[in-house]
Amino acid sequence: MKRLLLLCVLLVFAFPVFAQTICRVQDQRPLQLMSKEINRSMKTFKKQNPPIYYVAYNFDDLDVYGIDVEEKGVTNHTKRHDAMLQVQVRAGSLQMDNTRTLKTGNTYRSLEIADMPAIGEDGKAFSAAVWRLTEQAAEDAQQDFNRVRADSQTGAKRLDDSPDFVFPPKEIFCQESPSLTFDMEQIKELLLKVSNLTRGKPFVLGSSFSFEVQSGSRYFADSIGTQLKTPVRLARLSYSLWGKTADGAWADRSQNYDVLTQEQLPDEAKLTADIKQSLQELEALLNAPEADPVAVPVLLKNKAMAVFVHEVLGHRVEGHRQKEDSFGKTFTDKVGQEVTSPLLSIVDDATLAEFNGQPLRGFYLYDDEGVKARPVTLVENGILKGFLMSSSPIKGFSVSNGHGRGDMGKRPVARMGNTRVIASKTVSYEALEQQFLEEIKRQQKPYGFIIEDLSGGFTMTDTSYPQTFKLTPTLVYRVYPDGRREVVRGADIVGTPLAAFHEVMAVADDYDVFNGSCGAESGWVPVSSIAPSVLLRRLEIEKTGKSNTKPPLLPPPFGEGK
Amino acid sequence: MKKLSLLFCFLGMCGLAQSAALPDNMYFKAMRDEMSRTVKKLHRQGVPAPLFIVYKLENLRAASSVEASLGELYPVSQRDDKLNGSVMISIGTNKNDSLGYKHDSYSPRYAYAPEYYNNIAKSYDGIRQALWKMTDESYLFAAELYQQKEAYKRTKQEENETKLPDFMPSKQAHYVEEIQPVEKYDIEQLQKWVKQLSAMGKAYPFLEQFSVRIEPRQRDTYYLNNLGGFYQVSQPAVRVRLFAKFRNTSGYKQDYENEFWWSSLGKDAYEKLTQQTAQFLKELEPLQQAVKPAPYLGPVLLRPQAAGQFIHNLLVENLQNLNPLLSSRSEVDITAGKMRTPGQRVMAPGITVYDNPQVRSVPGSVENIPLGGFMPVDDEGAAAQKLTLVEAGRLQQLPRTSRPFGAKLSSNGHARFAPQSFPRERLTNVLVEPQVALSDRELEERLLSRCRELGLDYGYILYDFPASDDGIVSRAVRVYTTGNKRETVYGLRLANLTTRALRDITAAGNQAKVLWRQTEPSSNGLPKQSVSSPALLIDELEFVPTDKKPDKKPFVSKP
């Protein structure tokens, strides 16, 4: 089962416009050495049997700082420099190469990666490391291709027999990355101080307070001649609080702050207020009644809608899911047909660096296959227009649109960047909520739900399983027709994609951003989703699974007697 | 201390409590306070109260490690100390407690192991919080174990031995040493060293990689139990790793490494490192030109490093976990050592083997090589005693814990508590001492002489010994009986090794080497067990060549 998770655990950020300093690819030593090694090896690679027809290197050169705090103490504190190389090698031909999925399913073999020594004066140690990794990757690619070739001779014809790869266009680009600077000691002190807010709260079973910064450059070079240097700038402060009900159900509240400067961080007063609010919500959740399975009107608040779009539609319009026969292909043949309410248009635009001053985690200039990012209209007024494409063509879509993404060590596939919902007609949030109450009455339902916060969920795209989704709200209100509301727990949203998006009745004008990390075949990638609040005529709610273990017998050490 | 004494009286253990004060630091304060709360209040209706409670904290302290390959540095990582903790609870009575039984579930979560947390917050509050959660989970686990063990016992007939009490705690001991700050090394200096040392590999063009890594480490351990035992010890060490990758002339990809430990980097450290590196590189040339071996059955000379591993595989592993765990899943505890009978003939005469948890380095040695098994108080609070394991070829004393088995009931302080296991019988610093010690040359002459007797053209000298029963020897040299000819071989695979080989030791050398054993993956790379052995001449070992085919030639030559 392919479970595609979207979790708001990490946050990446990129800056809209950098102070431009002169940056020339020909001056970049990593690019020089990687290109030299490509040129040297390709001469031989092409003559092999099977031929190795494409090589690409991704090299991350990043400074990483992280601190984690709990209970007035540091649990983890790291400061390191990451210098990591990844090699992508393709053996065979554009039509059929080593990356093809075998008829038994699986593949997605990990890519060769390695920590790299410094380049130094002569670059010899670096080049030797590049060579070593390339040799291994080339051997792996040939072995994989031989399996693919054997497999193709005995397997059934694929429904979409598009080539396995299309050469990306040659690109030359260089942008320096000004390093991020934060007062780490001050942030550490702040985290230590606010971590004490959980003291005397017996319902808090655990908590964590973190800050992480990644800053540096990403280099890409391939055998087409593409040479790229792009910036990586990420910083996030976050906290999480969790507890357990007497019957064993977990509940949690968390918050993230994505920033690029010290000034953008919440000050102590703001952070304290937010944590206190989260503590109140957590206590309410732990004492809340459990939701019952039901199908009723639902109001998805903007951030929850952002996750909803990502999970329910976004993953199903990723290009490779239209190609592999193991996928459900919900939308494959629906280009030009209505797939959502006509109120909605959906665009994925990784070139968007921020939205209303909020940094977008899904921003990037070039994807992990060296293709320039560009906006892609997926749905226009409810009509499906296209797919997210990597360099693996599909029927009717022969080139990449800059969405080939993957974590280090994972082969890139089509993934989302910044997924944006745009409504053709909106109302104020207050009017939307009023409409929600009216709809509950109209349907003569005892209540409806407002989904305030969604941590993530998964969608099943494999044909072995129903083409359903399941989302996990973390804060849900049961709202009665007279407007009364109460927190409930244990309510998951379930449904099927084609039906769900046609249930959209009205849309508010309160667009907001959800920044998260998305996990799929090609690993974890930073993503953002922008959406307004929406009213859905009906969604199905089911119970959340819970553990059978009770909370600890004794109260926390500092919660006794409270 | 008043609080602690009260605690012990509460348990009816006043007589066992030590008069020494607990160290005055955050770790012991947090352990003491949470222990006190646990003893007073942790009791679930229908479940026996905790009988034996153990808290253990390990502060894994790391200075920056440095590494370079072929003259260029890898990025330096800096990490703060990492605090890990374990909690063990048994319930019931001394006669019938919850331990000694393996949980019925197949899930690794339910292995015979204590609760274990990584990355505990380094604050009083953080430690209390972690201990609280681990204590609760540990108590519930003990309750499950207790019920399952009782149910299991009802399905079996009681043997004489099972009439022994489950738990016989010893007089509780304590040991406290001052925790020193981690030695501060000049990182730039160390970087310069590894750059220079790894650059020595450039003189060997066949090397695809040659890296040198220096890792200063320190592990501080804080232990407290509810019977009055406690200890605080610190283990500093510096790990040096030399690593090379190359292809031999027959086309096989080879990795070769040498790892050694020092107590600290002394004034002459760089000079010694240079010598070690030069020696390591010198060993690579014959390895690169190594020839394929033929099947072999005959005498083998194990150099000290190989001898240490040999002793570990055949003797140490059979002298640990001696009291088999009960289990409804299997009547055989595969983790239990087989040498359980004092007086049993286990080795050739002329070799004495000790286990000495009280020493930090090999007695009489002037080398800067620490022993990993220093443990003055064991993990059941008993004073750890030096044991004579083997004398005149026969098994003498066995490591014992507070869980009696066989004829002797009392512990001799060899209970070791690990993230993967509740306390069981473990060895610490195993020291192999021959009655007659020969020089390297004499040993080699003995080897060749024995080969001639057996009509063999050559014998083998091994510089390392495989950790697994069918492992490959990294460095093996064939020594011919005529003409002083020597050949290094590759792909020599161990075959049919049994404990019989211990009785085939015919001679031993006069220079021991310390082998560090990694017994706990989570111990910050600092092993908790060492074997010190001289070279050993074994009358008969069997080897076969590897079945592996040569690797493909590189597509492109090294840049």
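Good morning. The structure before you is a predicted model. Its overall scores are ipTM 0.88 and pTM 0.91. I shall take the two chains in turn, then the contact between them, and finally one residue in its setting.

Let us begin with chain A. Its secondary structure comprises seven helices and 25 strands. Of its 562 residues, 49% count as buried. If we consider contacts in chain A between residues at least 6 apart in sequence, 79% of them join residues at least 24 apart.

Chain A is also divided into domains. The domain assignment gives domain 1, residues 20-286, and domain 2, residues 294-543. The centres of these two domains of chain A, taken over C-alpha atoms, are separated by 24 Å. In the contact between them, domain 1 of chain A takes part with 39 residues and domain 2 of chain A with 33 residues. Which elements form the domain 1 side of this contact? In chain A, E2, E3, strand E6 (206-222), strand E7 (227-244), strand E8 (250-258) and helix H4 (268-286) each supply at least two residues. The largest share, five residues, comes from E8(A). By class, this side of domain 1 of chain A has 18 nonpolar, 11 polar and 10 charged residues.

I turn now to chain B. Here the secondary structure consists of seven helices and 25 strands. The radius of gyration of chain B is 26 Å, which agrees with the value near 24 Å that a compact globule of 559 residues would have. Its C-alpha atoms fill a box of roughly 75 × 55 × 45 Å along the principal axes. Of the 559 residues of chain B, 48% count as buried. Among contacts in chain B with a separation of 6 or more, 77% are between residues 24 or more positions apart.

A word on confidence is in order. Chain B has a mean pLDDT of 90, and 93% of its residues reach 70 or more. Over residues 1-18 of chain B, however, pLDDT stays under 50, and the model has 29 contacts beyond four places in sequence for this stretch. Where pLDDT is low, the predicted coordinates should not be read in detail.

E3(A) and strand E4 of chain B, residues 77-79, run antiparallel and are joined by three bridges. Within this pairing, A:Thr78 has B:Arg79 in E4(B) as its bridge partner.

Finally, let us look at one residue and its surroundings. B:Trp262 lies in strand E10 of chain B, which covers residues 253-262. Is B:Trp262 buried or exposed? A residue counts as buried if 20 or more other C-beta atoms lie within 10 Å of its own. B:Trp262 has 20 such atoms, and it is therefore buried.

Which residues does B:Trp262 touch, leaving aside neighbours within four places in sequence? They are B:Ala237, B:Val238, B:Asn368 and B:Ile369. As for B:Glu367, it is 105 residues away from B:Trp262 along the chain, yet their C-alpha atoms are separated by 8.6 Å.

The strand E10(B) has a partner of its own. Strand E9 of chain B, residues 230-247, runs antiparallel to E10(B), and 10 bridges join them. One of the facing pairs is B:Lys245 opposite B:Asp255. E9(B) and E10(B) form a hairpin with five residues between them, and in the turn B:Gly251 has a positive phi of about 100°.

Thank you for your attention.

Conventions:
Residues are numbered from 1 along each chain as its sequence is written. Chains are lettered from A and ligands numbered from 1 in the order in which they are written. This is a predicted model: local features need pLDDT of at least 70, side-chain atom pairs count only at pLDDT 80 or more; totals for chains, interfaces and linings use all residues. Two strands pair if DSSP finds at least two bridges between them. Helices (H or I, at least four residues) and strands (E, at least two) are DSSP runs, numbered from the N terminus. Domain bounds come from an automatic or database domain assignment. Two residues are in contact if their C-beta atoms, placed from the backbone, lie within 7 Å. Ala, Val, Leu, Ile, Met, Phe, Trp, Tyr, Cys and Pro count as nonpolar, Asp, Glu, Lys and Arg as charged, and the others, Gly among them, as polar. The radius of gyration is taken over C-alpha atoms; the globule rule is 2.2 Å times the number of residues to the power 0.38. A residue is buried if 20 or more other C-beta atoms lie within 10 Å of its own, exposed if 12 or fewer, and partly exposed in between; C-beta atoms are placed from the backbone. pLDDT is the predictor's confidence in each residue, from 0 to 100.
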